[in-house]
Amino acid sequence: MSSLPVDTLETDLLILGAGGAGLMAALHARERSPRLKIVIAVKGLLGQSGCTRMVQGGYNAVLNPNDSLERHFFDTIKGGAYLNNQELAWKLVAESPRRIVELENIVGCVFDRNPDGTIHQKPFAGQSFDRTVHKGDLTGIEIMSNLRDYVLESDMQVLQECRGLDLLKDDGRVCGALLLHIRSGRLVAVRAKATLAATGGGATMYRISSPSLEKAGDGIAMARRAGARLVDMEMLQFHPTGLLVGKSVATGGLLEEGLRGAGARLYNGLGERYMERYDPEKKERATRDVVSRSSYMEIMAGRGTPHGGVYIDASHLGEKFLLANFPGMVERCADYGFDLLRDRVEVSPSAHFQMGGMQIDAECRSSLDGLFAAGEDAGGVHGANRLGGNGVAESIVFGGCAGDSMAEYVQGREVPAVSPAHVRALTELWARPLARDSGEIPFGLRKELEDVMWEKVGVIRNGPDLKAALGALAELRARAERVKAPGAPASNAAWNAALDFVNLCEVGRMVAESALIRTESRGAHYRQDFPSSDPQWLKNIVLTPRENEFDVHFEPVRFTRLSPPESSGALTHGHDLRSH
Amino acid sequence: MNTYQVRIVRSDEKGVSRGVETFSVALADRMTVLDALFSIQANQDPSLSFRCACRVGMCGTCAMTINAVPRLACKTQVGRLDSPSVTIAPLPNLPVVKDLVISLEPFFEQWKKIKPALHSEARDSNELARIPAGSPYARETPRKRDCITCGICYAACGVKATSGEYLGPAAINKAFLRILDPRDDATEERLDVINGERAGIWRCHTQFGCTAACPKKIDLTDTLVRLKRAMLFPSKLKKLKKKGVSKAVS
């Protein structure tokens, strides 16, 4: 097979992904050791790719003297159904306020203020205090634009429209990555003293999903192939309010959580405010897992809207209030012909965030030497369910942490060697679709994967469906081996779709495998056949890749700071659901 | 179901024009131009290139010229174009990479010239700036900070069409935001750049092209006019910037 040209590059730090986690890692490493060489590879355009950019609501941080780290921690653990790694969750909560100060004073963001000029914080679901820092209802643009500007004025090397294909390894250690520059079709073998995976999760493998479309769980899939340990892979969050826009790719795009925080209501197709039945106390302000599942139950019971969703109604909040506080959401609805000011708008649960990922320690080290993870590529911080506003906080806190610890790690190390045969083998593997004359073009496959994941590994799961999904995923993965991507390697959309597809299949398989193993319901993971939470299951499922399979082991959650209540009743949402 | 004629200005991977190609697309409910492009790529011509990330108006990467107007493909519904066909071309004033993909590099080269990052002597402070509701920054900037660097104002600017050197509206808007920023200490350096004879703000002819085209409805012309006035009357410039900090973190 004719080999593709491979350029080479050496660096101290290689950062895969340029959302909040990747760029914050770059910033922290630079601030700590200004002379380090830093290479950032981003799948799209710098600052304009990934999901931090898409953050609407905001960033949780304890800034008010009447709030406390303990309360934020408690909310996070309770929201995570006690499955969180408590040391990671504590780090999130404890470092989040300092990072807000950095985002403002070093990065240059300004978040919204109270009339007196102090920082404003708004209410979010599942939280005991108004602690969500924000910039209007489009917080991510403020964060990413300013992080981008910091990087632009630095001497870091940014490889735009450049995706990771695989991690490079030598004797168990990760020593960089093989990248594909999408526009030129050239490959780049980057040798790095330390590599960060911060590419984002794989929620895009579902039929209705919210993330940026270029995301494909690349980091998690590459970590699997390199043999890194993965944790909590069954935990995938569905956001309750993704817009339904027919067959448009806009479907799944979110209406932000703050709307429900401010009092917006949900109704089923019959006009019933169904959250009164599922969670009479918190109603629409229950956590995302509860609201999404309740909506899904209504839809499945035939009480959905004409397009298979539920309605969100914010009209009673008044035009003036909505225009002042949620202009971005009003505009988003209007773009697709909906009127948030006066009408009910059809929404659906939308696959949103991957709680699981690489197992990391409090320094963002993965189980592989030389490989670090932050953001959605890492697991453990959020347990079984993430609170709104804790996602971008995680990216910023753990991105910064990864930058610090990588800068520390590379001290006194040499750029590792990589065997040319290893690079050649990977190049040939990934270039195969280009050389095939016959086979499927991969665009349609993605749709099939999305349907399998939505119907069988979705909001509500059961054993037989999960087993069927694993079979279907194996078949899809096998078909991926036979796809073709005709034409030149430069800007080859079919080739890139095939690469995304392989990664999404791998991530999907891990979600389904772990979901089959966890025979209980907890947080975002709901099993029809095991609808209650079981205290015996207060343990994390850890997958260690072995060739094409996994070794599975269980690690009991260590309640180093907070123990779950005695009765398991407090943890279960199963009761409410079965009664309807 | 209605079908729709989609005419696309094509270029090869070296950016060399291949003329216009016409595709027939079945019109679906609430279909956007972006949806039409995905449909063509998946079902008719996989070699079609365009950019997209967020698909809901936040990333700014799907900017293109749609029926002669630069706009975001994800926010443009085909059915609302009020036209029997749609013609799609890459943004003008920027080099074409392939098909509808342009290079934003010239845009960001200008952007970098105005020093977009915060330059603050208090960067290590543990306190957050106090920015009261009535202050110029709080009053003037919130909407103007929603820039998604899509390049549309750069493409819509009549001056930019004939001047490679001109900074362009977005970069000047970013400079304006930093000049108003109560924490920033690099106003003089930015003003030197903006005052530049060939590249600076005085090239702007107040044609409103940028304001009319901005998908985030940022009043860029207002920024430019205010800045020009302030530069002519230095006392106005001083009023734009109010310093002050408050303790928000213990």
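## His72 of chain A

In this predicted model, His72(A) lies within helix 2 of chain A, the helix that spans residues 69-79. Because its relative accessible area is 0%, His72(A) counts as buried, the cut-off for that class being under 20%. Leaving aside residues up to four places away in sequence, His72(A) is in contact with Asn60(A), Val62(A), Val93(A), Arg131(A) and Asn390(A).

## Nonpolar cores

The largest nonpolar core comprises 256 residues, and the members with the most contacts inside it are Tyr59(A), Tyr206(A), Leu255(A) and Leu259(A). Helix 15 of chain A, residues 493-517, gives the most to this core, supplying 15 residues. In soluble globular proteins, nonpolar side chains tend to be buried together.

For Leu259(A), the residues touched, not counting those up to four places away in sequence, are Ala264(A), Ile312(A), Ala314(A), Leu317(A), Leu322(A), Phe326(A), Met329(A) and Leu340(A). Another core lies apart from the largest one; this core has eight residues, including Ala81(A), Leu83(A), Met355(A) and Ala384(A).

## The interface of chain B and chain A

Chain B contributes 67 residues to the contact and chain A contributes 63 residues. Between them the two chains bury about 5,400 Å², of which 51% is on carbon and sulfur atoms. On the chain B side, the residues that lose the most area to chain A are Arg55(B), Met58(B) and Arg123(B), which together account for 15% of what that side buries.

Eight salt bridges are found across the interface of chain B and chain A. Lys135(A) forms a salt bridge with Asp146(B), and the closest N and O atoms of this pair are 3.1 Å apart.

## A hairpin in chain B

Strand 3 of chain B, residues 63-66, pairs with strand 4 of chain B in the antiparallel sense, over four bridges. Within this pairing, Met64(B) is placed opposite Arg71(B) of strand 4. The hairpin made by the two strands has two residues between them, and Asn67(B) takes a positive phi near 45 degrees.

## Confidence of the prediction

The model scores ipTM 0.96 and pTM 0.96. Chain B has an average pLDDT of 93, with 96% of the residues scoring at least 70. Over residues 244-250 of chain B, however, pLDDT stays under 50, and for this segment the model has 18 contacts beyond four places in sequence.

Conventions. Residues are numbered from 1 along each chain as its sequence is written. Chains are lettered from A and ligands numbered from 1 in the order in which they are written. This is a predicted model: local features need pLDDT of at least 70, side-chain atom pairs count only at pLDDT 80 or more; totals for chains, interfaces and linings use all residues. Side-chain values use heavy atoms; hydrogens and water are left out. Two strands pair if DSSP finds at least two bridges between them. A nonpolar core is a set of buried Ala, Val, Leu, Ile, Met, Phe, Trp, Tyr and Cys residues joined through side-chain atoms within 4.5 Å. Buried means under 20% relative accessible area, exposed over 50%, partly exposed in between (1.4 Å probe, protein chains only). Contact means heavy atoms within 4.5 Å. pLDDT is the predictor's confidence in each residue, from 0 to 100. Buried area is the accessible area (1.4 Å probe) that two parts lose on being put together, summed over both. A salt bridge is a side-chain nitrogen of Lys or Arg within 4 Å of a carboxyl oxygen of Asp or Glu.
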